[in-house]
Amino acid sequence: MAIDYGWQNRTILGYHSKDSDRYGVISNKFPILTKELEAMFLITRNHYFTISTPQISNVITNFLRYQKFNDKKRAIANILVVPGIVVALGYILRLFDLFTSIPIIESFLASSIADLLFGFSILSVIILWHDYYKDKSHPTKLPRTELIPQKELEEIKNIGFQFNRYSHLDTIKYITDPTLNVVCQNVDKNKFSVYSTFISLLQIPTIEEILKRADIQVDAQELRDNQINNETLPTYPATTLRSILIYALEEALLTESKEVRPEHLFLALCKVFPVLQKFIQFNNSSLDVLREIVRYNARLRIKRGSTNIFNPNVPYYKKGGVAESWVYGYTFILSHFSKDLTKEVAKTRDVFGIGHDQSLEALVSTLGKVNNKNALLIGEAGTGKSSLIYGVAQRINRGDVPIQIKDKRIIQLDINALIAHSSKPDQNMEELVTKAMTELSRAGDVILFIDEIQELMPTKAEQSGHSIAGIMLPYILNSNFPIVGTVNNSDYKKYFYTNESLRQSFTNIEVEEVSLDDALYILETKINSLESNFNCYITFPALIAAVELAHRYVKDRKLPSSAVQTIESACSWAQANNLEILTADNVAKSVSIQKKINVTAISTEETTDLMKLEENIRKRVIGQDEAVFSIVDALRRARTDVRNPNKPIGAYLFMGPTGVGKTHIAKVVCEEFFGEDHKMIRIDMSEYQEIDSIDKFLGSSENPNSVSLIDQIKRNPNTVVLFDEIEKANPQILDLFLQIFDEGRLTSNMGETVDFTNAIIICTSNIGSKILLDTLQKSQSLWEEAKSRALIELNHSLRPELLNRFDKVIVFQPHNIENLTKITILLLNDLSKRLTEKGFIIKWNDQIPMLIANKAQIPGMGARPIRRYIQDNIEGKIAKEILEGNLKSGDSITIKESWIM
Amino acid sequence: MESKNLVMDNSGQQLLNETKVDSYFEIFINFLNEFLKWWYIQMPIWHIRMMKRIVLVLDDNLSFSLLFRNFFLPWHRDRSIMGYIVGIISKLVYLPIALSIISTAIAVYTLFFFFWLLLPPSILVFIIRSFWI
């Protein structure tokens, strides 16, 4: 799932040809209109913007003259301010008769020249103030762009533009002076140079900052290497500025800016000119990322402006004031184990409830009800349930709530503090809770918030043994104040679903996981605090990587909490490694370390390893090329990220008689791909013949010490999971495989969900072994027939919906004498390696492996008898020689044919 | 997609080389015009909004309207006779003080507002007077 930045369907670009009086929509390509009789316009939900040639020519002709006039005016005003200040100081000191002894100063201050200087100085101050104000805030603000409804888009497509339904706005009014300055500086003799404009824009500090945030390096060499020059960014007639400025306006509207600034012109150039798009892509970034940064800056400007309570343009959040408590009821006892969220929220400028607009509305309307005003926020850990109640507190402060909850306080009950307080001498929990509830009833202005409300259920009062929930239940059922609780899905089922009265007393509000774009927005609001905490600069690709990787690899928590955790861990990792800038690669490395999954970009060395993977596995797995090829193919897809991320890396069923290497291949793949020290998870399905054994599979709260599959995969999600002899398992247990293969996850008995999307699932089965062996004993040429018959038996033994979900069913061919000889060589090499570590050298001639293979082979038993034969006849003999003292370290041993014969 | 709607007519189109160049005198007049609009239209509106904001901040910080709305509510919602008596007496004492602070702020800002309006002509008068003398 990719991040949807929400640029679509907010603006429509159109053109008008005055020659033929035709209109059209500009969609994929972005033309630059040069002819005077061709014009571009932009449409939003309620407005249409145009820019005309006279407006452009007026700007080109006069803007720099006005600029020159303003510069001179400011210079004169600055000069006049200085003597004015001196005169003003003189006037003040004269009041204290300090100049009576200096007649020259006295007479100067009394003269009309001093008055004149003072008068002009005050006038200069006013003019400078006016200019400062004008520079700081652009006089006209762009309206907010809303989503254009699909119906209207269809109408435009079918009928055309109906301009009478929009109000007309002049683009030129929204363009700031610095933007016009860049444009006019790069127009010469009615020719507009795109290249020199781009270079001028690169030197603007805001754009330098944007590029730094996007982790894009720009220098002269980079520009040359990417062929950014006068040819790729040519010079156009000045009339093209109409198109360029309309594109810049579109960028300003999309990035929620109130005016068209130089960064929007920069984005417009990047959008229109392919060479600049390539340059951004070359730096592993995109126009989306640049836009998002510009939007972040726009939001930051608004946020900074909103910190001043005396700024009439921003909403004022009420705090209650010095005498607020006079009208509220006493909550003396409750205050020992609670906190006032409305007060806490008033201190911060953070935005709460991002991505939960509908749930927030539902919560506000529930709290405003006359009856049944308790609400239960149900959602998985990390979805932002608490953030919702903070959002309500913010709306109460703003006054943006129904009259029923206006001026209410949200008090959060701290269960741990309640337990701690009740454990003090002379305190009784039952009494404390009763008194606190009575206080709340009397106060009449409180919304009680209980985070993780399920914690109330098992917590019991020491004296009476009653649970807190039990003590509170009558108050919850008949409360005259609203109660809001949060609970996760499994605890809701456990505690609320079974309790009818408790369930009926709450209105359920589902809190879903936020979207990736909302999670990104939430991370953006945390950039400043993270940067100051961890002392590192966070780039936007790092934020985006945190959201995407958290969504994909952090399965125990939901967005946005998982993304916040990921970026915090990455910042902490960067700090520990003395990194000043946090990039996407750094986030990937941090996730790789934490999750033990390689999510970083593939290095050249790794590419070579991946290419050699098949060769390496085939060296260790003899005669099963089809199985090796299938698994290696899946692993390559996984590492290059072209697989389906919501399913396991691969799910295979290996069939065949014993000893053909089904388990061995799983072990080898695990070592070769995940590393030698990596342990494979092996589940013997013969232990799951009874349905009762499902608890061993899915974990059980009654036996927390047993290690279930869920526990193993939670500890080690990036591995090979081998289910041995699946035909022996209970069919109901096999049904669980459907979820694993389809969705890449499995839910435990305790409601936890574990992730299988980074695991390779290998199931083995001996179904059809007898058919294979019997048929092949008759003739080796009957392999295909034997295989088909074995598969038919498989279809009869396992359910088709299960078989259908395997990526591949591979029938392992029994080993012939050639393969067995090769396996013998591998086993002897292995023995040689072990003996070399002990200081012995073992040698054998070319005939030995074949002799062993011939001597040891038992039809239908595969390679296992060979291992046993080597153990008994070679390892045993060497051990005896060592014990008898005939072999010393450094001695050489030769395997004799007589040992085998 | 092509359609025949009218967005604008072709009248009034000027060629680039026909644009009029503003003289510095015209630029000065434009500046004066803009300055006066800012001083006498935009800023007075801003001052009125600022005055409203100051009243809002003072009202909130002094809990004036909150107490006024809940004038007859007993002290800390203690619905005993003493609670009612203490509540009303404390508000009777406190509310006039809060009101006087808010009124003073309004009065001072109103004075400043008039000072603002009179500032440019008074400076001009001051400068002309210095010439005269």
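Figure 1. N535(A) lies in the loop between α23 (527–534) and β15 (537–538) of chain A, where helices (H or I, at least four residues) and strands (E, at least two) are DSSP runs numbered from the N terminus. Although N535(A) is not a glycine, its phi is positive, at about 55°. This is a predicted model, in which local features need pLDDT of at least 70 and side-chain atom pairs count only at pLDDT 80 or more, while totals for chains, interfaces and linings use all residues. Residues are numbered from 1 along each chain as its sequence is written, and chains are lettered from A and ligands numbered from 1 in the order in which they are written.

Figure 2. N372(A) is found in the loop that runs between α15 (357–367) and β10 (375–378) of chain A. The phi of N372(A) is near 50°, which is a positive value in a residue other than glycine. Is N372(A) buried or exposed? N372(A) is exposed, since 12 other C-beta atoms lie within 10 Å.

**Figure 3. A cis peptide bond between L559(A) and P560(A).** The peptide bond that joins L559(A) and P560(A) is cis, with omega at about 10°. P560(A) has its place in the loop between α24 (540–553) and α25 (561–576) of chain A.

Figure 4. Strand β1 (residues 12–17) of chain A and strand β2 (residues 22–26) of chain A run antiparallel and are joined by five bridges; two strands are said to pair if DSSP finds at least two bridges between them. Within this pair, Y15(A) stands opposite G24(A) in β2(A). The two strands, β1(A) and β2(A), form a hairpin with four residues between them, and in the turn D21(A) has a positive phi of about 50°.

**Figure 5. An open sheet of six strands in chain A.** The six strands follow the order β9-β11-β12-β13-β10-β14 (chain A), and their pairing is mixed. At the edges stand β9 (338–340) and β14 (507–510) of chain A, each with a single partner strand, so one side of each is left without a neighbour in the sheet. On average, neighbouring strands of this sheet are turned by 25° against each other, direction ignored; the axes are lines fitted to C-alpha atoms, for helices over the stretch in contact, and angles run from 0 to 180 degrees between N-to-C directions. Inside the sheet, strand β12 (residues 446–450) and strand β13 (residues 483–487) of chain A pair in the parallel sense over three bridges, and L448(A) stands opposite I483(A) in β13(A).

**Figure 6. Nonpolar cores with residues of chain A.** A nonpolar core is a set of buried Ala, Val, Leu, Ile, Met, Phe, Trp, Tyr and Cys residues joined through C-beta atoms within 7 Å. The largest such core has 95 residues, and L249(A), L523(A), L543(A) and V587(A) are among those with the most contacts inside it. If residues up to four places away in sequence are not counted, L543(A) touches L520(A), L523(A), E524(A), I538(A) and I567(A); two residues are in contact if their C-beta atoms, placed from the backbone, lie within 7 Å. A second, separate core of 68 residues includes A634(A), V668(A), L776(A) and I874(A). Across chain A, buried residues make up 38% of the 901 residues.

**Figure 7. The contact of chain B with chain A.** Chain B has three helices and zero strands, and 10% of its 133 residues count as buried. How many residues does the contact take from chain B and from chain A? The contact takes 45 residues from chain B and 57 residues from chain A. On the side of chain B that touches chain A, the elements that give two or more residues are α1 (24–61), α2 (64–69) and α3 (81–132) of chain B, and the largest share, 12 residues, comes from α1(B). The residues of this side divide into 24 nonpolar, 12 polar and nine charged, where Ala, Val, Leu, Ile, Met, Phe, Trp, Tyr, Cys and Pro count as nonpolar, Asp, Glu, Lys and Arg as charged, and the others, Gly among them, as polar.

Methods:
Buried ≥ 20, exposed ≤ 12 C-beta atoms within 10 Å, placed from the backbone.
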